[in-house]
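Please read the following account alongside the model. It moves from single side-chain pairs to the interface between the chains.

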Amino acid sequence: MGIRLDKPWERLDSDSVSSLQAQLGVYQVADSDGNVLSVGYAGAKHPFGIRSALEHEIQLHGKKATLFRYEFTSNYRSRWDELLMLHLHDHGQLPDHQRDEEGRVGRLSPN
Amino acid sequence: MDFSLNEEQQMIVDTTRRFVQTEIVPLEDELDPDAGSLAPDDQDRLITMTRSMGFYGLDIPEEYGGPGLDTTTRALMAIEMSQHRAGLYNPCYGVFGGAGLAQLYEATDSQKERWLYPTLRGEKKGCFALTEPSGGSDPARAIQTRGIQDGDEWVLNGSKLYISGADKADYALVFARTSDDPGRNGVTAFIIDTDTPGFHVRRVVHTLRATHYATELQFEELRVPQENILGEVNGGFAIANDRLSRQRIPYAAGCIGPAIRAQEMAIDWAKNRTAFGSVLAEKQAIQWMIVDNEIDIRHARYCVLAAAQKADSGDRFRTEAAMAKLIASEASSRVVDRCIQIHGGVGVTKDLPLERWYRELRIRRIGEGPSEVQRLIMARDILGGSFK
């Protein structure tokens, strides 16, 4: 089982987000070139799960965010940390608005 | 056996209970139900409080600046500290401080300077790497990580599984086989800086404990200086085993807190929830579950305190500690299961902490030695150690 979230990107807009199930999970949001802008999770505090979390991302990034991919999981906290660690390993730093997480996130050296 | 609390213990229990209810529980109302940490500002503020209370670093020996609590008082505190949503695995979110790896108190002076004291000052973190893919319940035989001496260094190759905190640790206590002895006399403990070439945290291992993860480690031609050996060459298993025995009493005590809190919630619910014309508390099915909960909680508490008192007396307490761990983890699991049943649908939602305790208590029946190993330990003591 691969540990990266490498599903195909989907177009990020209100219509695509509203069609998602209101589940817990993790996601990545990216610009049109596939550069990741956010690695996030939808937890139990999000009223409609991943749908609510992605609506917030649309507001946060505006038109810059055009793509997303997601994964439903009840282990959203540990999976989120894993995705942050993988991003840190692959890119040397976290997305700009998540840089303050770098002190908290661990180190991973995947095969 | 007298389980009444002396004046100091009662004061400590009351203070801890008040701290949990007034400082921790209100913060949890704002956190994600699976959160494993507080906001940094809250963490710092509460650590300042526990320091001023004289309770910071609960498990640090007195000669190293700890409060010098006996095992009984420490167990009583563990019962109180775990009475909140994250309390089972993260009592009070760590604001009472940690002790570091207990094995380092047996280290040489230079090892203490390099790893122990920075850990006690909060400057370094360590992790404990014993279990391997080949097994965890019988580590002496299961360890396949191999250490081969090469001059003044040892070269390690192998892997470890279910290791907590390795991805954030500055150093790891790693156990490796260093002789042809297939059992406990062939294992050595190494203290290894995690930035050493060849030390890899390969992957996250997700578990029922969704807020936290374990890791899998791999060692590839990992070169470790001779001076990093903790204790004697081939004497590492005793170091590992000592930790496993000592941990069992506070580990068992921590299981009881969520059960107590779940029982309080169930009683409150049963007295107020109406079905078929009367409150649940008037129905015999519910009454019996509440009573069975109380029996389980008291049984577990008595066993934990009995083990703690034996430990404080200086007598051998291995059987009592194993019994406490087995009973507390299993009894608390039953209690939380019944409390979910009493609550019905809302009991399995993330609106309440019951579902998190239910998941995490399942792990407690395996962690720090599964129930079957606790029975094996007791059987050895009861029947004598000579049987195979």
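Is A:Glu102 buried, partly exposed or exposed? The structure is a predicted model, and in it A:Glu102 has a relative accessible area of 24%, so this residue counts as partly exposed. Its partner in a salt bridge is A:Arg99, with N and O 2.8 Å apart. A:Arg99 is partly exposed too, at a relative accessible area of 38%.

In chain B, B:Arg146 and B:Asp180 form one of them, with 3.2 Å between the closest N and O atoms. The two residues are 34 apart and link distant parts of the chain, since B:Arg146 sits in strand β2 (residues 146-150) of chain B and B:Asp180 in the loop between β4 (171-177) and β5 (187-193) of chain B. B:Asp180 is exposed, with a relative accessible area of 71%, whereas B:Arg146 is partly exposed at 30%.

A further salt bridge joins B:Lys310 to B:Glu320, whose closest N and O atoms are 2.9 Å apart. B:Lys310 lies in helix α7 of chain B and B:Glu320 in helix α8 (residues 318-343) of chain B, so the bridge ties together parts that are ten residues apart in sequence. Both ends are partly exposed: B:Lys310 has 24% relative accessibility, and B:Glu320 has a relative accessible area of 25%.

Helix α7 (residues 284-313) of chain B contains 30 residues and spans 43 Å from first C-alpha to last, close to the expected 44 Å. After α7(B) comes B:Gly314, which has a positive phi near 90°. Elsewhere in chain B, a network of salt bridges links B:Asp34, B:Lys350, B:Glu355 and B:Arg359.

The remaining topic is the interface. Chain B contributes 25 residues to the contact and chain A contributes 22 residues. About 1900 Å² is buried between the two chains, and carbon and sulfur atoms give 47% of that area. Of the area that chain B buries against chain A, 29% comes from B:Asp32, B:Arg202 and B:His206, more than from any other three residues. On the side of chain B that touches chain A, the elements giving two or more residues are β6 (199-206) and β7 (213-225) of chain B. β6(B) supplies the largest share, six residues. By type, this side of chain B has eight nonpolar, eight polar and nine charged residues.

How many salt bridges cross between chain B and chain A? The rule finds zero. Polar contacts do occur there, in 13 residue pairs with both residues at pLDDT 80 or more.

Technical notes: Residues are numbered from 1 along each chain as its sequence is written. Chains are lettered from A and ligands numbered from 1 in the order in which they are written. This is a predicted model: local features need pLDDT of at least 70, side-chain atom pairs count only at pLDDT 80 or more; totals for chains, interfaces and linings use all residues. Side-chain values use heavy atoms; hydrogens and water are left out. Contact means heavy atoms within 4.5 Å. Buried area is the accessible area (1.4 Å probe) that two parts lose on being put together, summed over both. A salt bridge is a side-chain nitrogen of Lys or Arg within 4 Å of a carboxyl oxygen of Asp or Glu. A polar contact is a pair of N or O atoms within 3.5 Å; within protein, one must be able to donate a hydrogen and the other to accept it, and residues adjacent in sequence count only if both atoms are side-chain atoms. Helices (H or I, at least four residues) and strands (E, at least two) are DSSP runs, numbered from the N terminus. Ala, Val, Leu, Ile, Met, Phe, Trp, Tyr, Cys and Pro count as nonpolar, Asp, Glu, Lys and Arg as charged, and the others, Gly among them, as polar. The expected span of a helix is 1.5 Å times one less than its number of residues. Buried means under 20% relative accessible area, exposed over 50%, partly exposed in between (1.4 Å probe, protein chains only).
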